[in-house]
Amino acid sequence: MCGIIGCTGRDDAVDVVLHGLATLEYRGYDSAGLALVSGPQAAPELRVVKRAGKLASLQQAVEGQALPGRSGIGHTRWATHGAPTDRNAHPHVSGDGRLAVVHNGIIENHEALRSELVAAGVELASETDTELVAHLVAAERDALAGDGQAATTGSALAEALRRTVRRLEGQYALAVLDVHEPETIVAARYGAPLILGHDDDVSWLASDIAGLIAHTRDVEVLLDRQLAVLTPGGIAVTDLDGEPTEGLRYKVDWDVDAAEKQGYPHFMLKEIYEQPQALTDTLLGRLGEDGLLSLDEQRLAEGELRRIDKVYVVACGTSYHAGMVGRYAIEHWARLGVEVEIASEFRYRDPILNPHTLVVAISQSGETTDTIAAAAHARDQRAPVLAITNVVGSTLARQSDGVLYTRAGPEIGVAATKTFLTQVVATAVLALFLAQERRTLLPEEIGDAFARLEALGPLLEQVLAHDDRIAELAHHLSGADYFMFIARHAGLPIALEGALKLKEISYLHAEGFPAGEMKHGPIALIDDGGPVIAVATRSHVRAKLLSNLAEVRARGAVVVALATEGDPEIHAAADHVIGLPDVHELLAPILAVVPLQLLAYHVAVALGRDVDQPRNLAKTVTVE
Ligand code: M6R
């Protein structure tokens with residue numbers, strides 16, 4: 001939520017900050033702004049330009065303005081405190097107009113800080129919590145100068161920020177620029193992501209790697225309660241006492257093309273088409289030559305997983321649906337009871353957890369506040385936590401006892417597609433891994449199931465070949481104002497995911513239901529011509545689902561069925577059929593989700609929606 005970018009050491013700082021904001025816009029698009037230290041060395045000044053609305057408004061405002069400067073910070077906002085207006089847009093500036101702050105997160109003690117500042121006579125220009133930080137840092141910087149105190153790191157700004165963050169409650173990723181130290185950016189983090197980029201004679205920071213990858217692959221994840229001082233000559237990381245320390249430094253292994261549209265009209269469509277490759281990458285090298293499956297990171301004691309007797313999966317949104325699919329595989333293959341929980345609920349419950357409960361936390365970004373808190377809640381009760389995430393070095397990955405990376409590459413469209421599919425694949429791998437540890441499957445059964453997973457890549461290509469037909473169908477259905485998605489068993493999470501995808505990018509009302517529940521209420525919603533989308537692939541409950549289709553059709557629904565190719569009965573039960581290759585029923589969801597992603601995509605396009613940046617949403621939800 002919110003994107004931060006910063007760079008020092010480039011003569012074209014304004015351009016690189018704007019470019020960085022374009023790559024981070026998917027993190028929030030209520031407003032955008034930038035601050036630069038401009039002007040002659042002898043008399044530098046702070047220049048701030050910010051606009052409500054998408055980045056295009058800022059780009060327009062900047063056009064034609066001479067904005068020289070070698071250091072700059074930028075921000076793209078998902079509004080929390082204060083409406084999305086010019087005034088509330090970041091950067092926020094201190095009363096002397098010489099210091100600017102951008103922020104991602106929420107300062108929870110903002111009311112108390114606001115009262116204190118107002119009582120001290122500070123005039124506030126916005127309704128945001130961030131502006132308070134600008135005033136506090138400036139006051140600390142002035143106090144340090146007044147005391148004549150030497151700063152611990154040589155940067156008074158760093159010491160001022162250190163003193164300020166000690167007073168903040170809540171989450172923050174902060175970057176501060178000050179005319180007094182024109183080529184320095186100071187940054188701090190607690191609970192919201194911030195990545196540093198090392199480069200020759202230039203230093204970078206951004207909320208995520210997409211903002212840096214055009215410039216450097218040498219990145220360092222700033223950790224909680226760390227502070228970084230960026231100058232063109234390099235980056236120094238300290239703790240909050242000013243002691244030198246290090247973040248998590250590594251080389252990014254994907255390149256800039258991965259974060260570009262490459263000729264597709266939208267990132268979402270590109271990412272849907274990347275799924276066969278993403279699936280292959282997620283599985284690559286998982287099964288060793290010894291026939292044994294392994295995790296990417298494993299900090300659990302030997303035998304710990306063997307003693308697990310219960311699994312909780314915690315996640316939000318689409319990742320929650322992936323967890324729901326995973327439940328079927330874990331129960332069936334590893335013979336473990338699984339509860340799947342919405343992280344924002346789980347974190348405030350009092351679940352029965354102990355060292356024999358495995359908590360699987362699923363998060364594409366690895367930065368979703370509720371999922372991280374749910375995992376922490378589990379660890380507090382000594383339950384081991386295993387993360388399934390797409391982001392190396394993310395908070396969730398670092399705070400877990402084991403990690404399975406989904407290796408889907410960057411996902412820029414706000415609607416999760418390839419990351420969902422790879423999460424489902426990862427849950428299947430986890431199910432097999434647990435089966436291996438618990439010896440509930442023979443090694444050859446594990447090998448056979450793994451081979452079936454690998455075989456899905458080419459089958460996904462066959463499913464994608466239905467794109468034109470689905471586009472036609474979407475066009476035909478896009479006039480409907482209410483869509484129902486129904487399914488049973490492992491198809492149910494796919495129905496829920498299909499409904500979520502459609503509502504989030506088309507703004508149409510869509511709901512998913514267990515088909516067996518229809519008669520208990522939802523069937524009252526059916527009226528003439530209303531679309532019902534059914535996941536009706538081969539399974540041990542398919543016959544039951546066919547009866548449910550007959551019931552909704554008899555009441556006037558137009559039924560679109562995703563069915564196994566060659567199913568003789570489905571054509572009599574549905575108005576439109578999309579045929580999918582015949583695979584094991586626990587793996588069928590991996591194919592079935594793709595037509596629903598395409599359907600949502602094409603309906604949204606037909607309605608003229610902003611597919612990649614749907615209203616009110618942001619890619620990474622770092623607030624509660
Ligand atoms: O990064 P996460 O997987 O933790 O994000 C969780 C949800 O915010 C996310 O899955 C969201 O529901 C999707 N972007 C919707 O397509």
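Q: Why is Asp610 called partly exposed rather than buried or exposed?
A: In this predicted model, Asp610 has a relative accessible area of 34%. Buried requires a value under 20% and exposed a value over 50%, so Asp610, at 34%, is classed as partly exposed.

Q: What makes the pair Asp610 and Lys54 a salt bridge?
A: The closest N and O atoms of Asp610 and Lys54 are 2.2 Å apart. The cut-off is 4 Å, and therefore the pair qualifies as a salt bridge. Asp610 belongs to the segment after α19 (588-606), and Lys54 to the loop between β3 (45-52) and α2 (55-62), so the pair, 556 residues apart, links distant parts of the chain. Lys54 is partly exposed, with a relative accessible area of 28%.

Q: How do you know that Asp296 and Arg407 form a salt bridge?
A: Their closest N and O atoms lie 3.0 Å apart. Because a distance within 4 Å is required, this pair counts. Asp296 is in the loop between α7 (275-283) and β15 (297-298), whereas Arg407 is in the loop between β20 (402-405) and α12 (418-438); 111 residues separate them. Asp296 is partly exposed at 30% relative accessible area, and Arg407 is partly exposed at 30%.

Q: Why are Glu497 and Lys501 separated by about one helical turn?
A: The two residues are four residues apart in helix α16 (residues 492-506), which means that about one helical turn lies between them.

Q: Which residues do salt bridges with shared partners join into one network?
A: The network consists of Asp96, Arg141, Asp142 and Asp178. For the model, the count comes to 36 salt bridges.

Q: Why is Ser207 called buried?
A: Ser207 has a relative accessible area of 1%. This value is under 20%, so Ser207 is buried. Ser207 is located in the loop between β10 (202-206) and β11 (218-221). Beyond its neighbours within four places in sequence, its contacts include Cys2, Gly3, Leu24, Arg27 and Pro193.

Q: What makes helix α5 largely enclosed by the rest of the structure?
A: Eight of the 10 residues of helix α5 (residues 156-165) are buried, so the helix is largely enclosed. The buried residues include Leu157, Glu159, Arg162 and Val165. Among the elements that cover them are β6 (99-107), α4 (130-147) and β7 (170-178).

Q: What is the area buried between domain 1 and domain 2?
A: The buried area is about 900 Å², and carbon and sulfur atoms give 65% of it. In domain 1, Tyr26, Tyr250 and Trp254 lose the most area to domain 2, together 39% of what that side buries. The side of domain 1 that touches domain 2 has nine nonpolar, no polar and two charged residues.

Q: How many salt bridges and how many residue pairs in polar contact are counted between domain 1 and domain 2?
A: The count is zero salt bridges and two residue pairs in polar contact. The domain assignment places domain 1 at 3-255 and domain 2 at 269-454, and 34 Å separate their centres, taken over C-alpha atoms.

How values were computed: Residues numbered from 1 in each chain as written. Predicted model: local features only at pLDDT ≥ 70, side-chain atom pairs only at ≥ 80, totals over all residues. Heavy atoms only, no water. Buried < 20%, exposed > 50% of the residue type's maximum accessible area, 1.4 Å probe, protein only. Contact = heavy atoms within 4.5 Å. Domains from an automatic or database assignment. Buried area = accessible area lost by both parts, 1.4 Å probe. Salt bridge = Lys/Arg side-chain N within 4 Å of Asp/Glu carboxyl O. Polar contact = N/O pair within 3.5 Å; in protein donor to acceptor, adjacent residues only side chain to side chain. Nonpolar A, V, L, I, M, F, W, Y, C, P; charged D, E, K, R; others polar.
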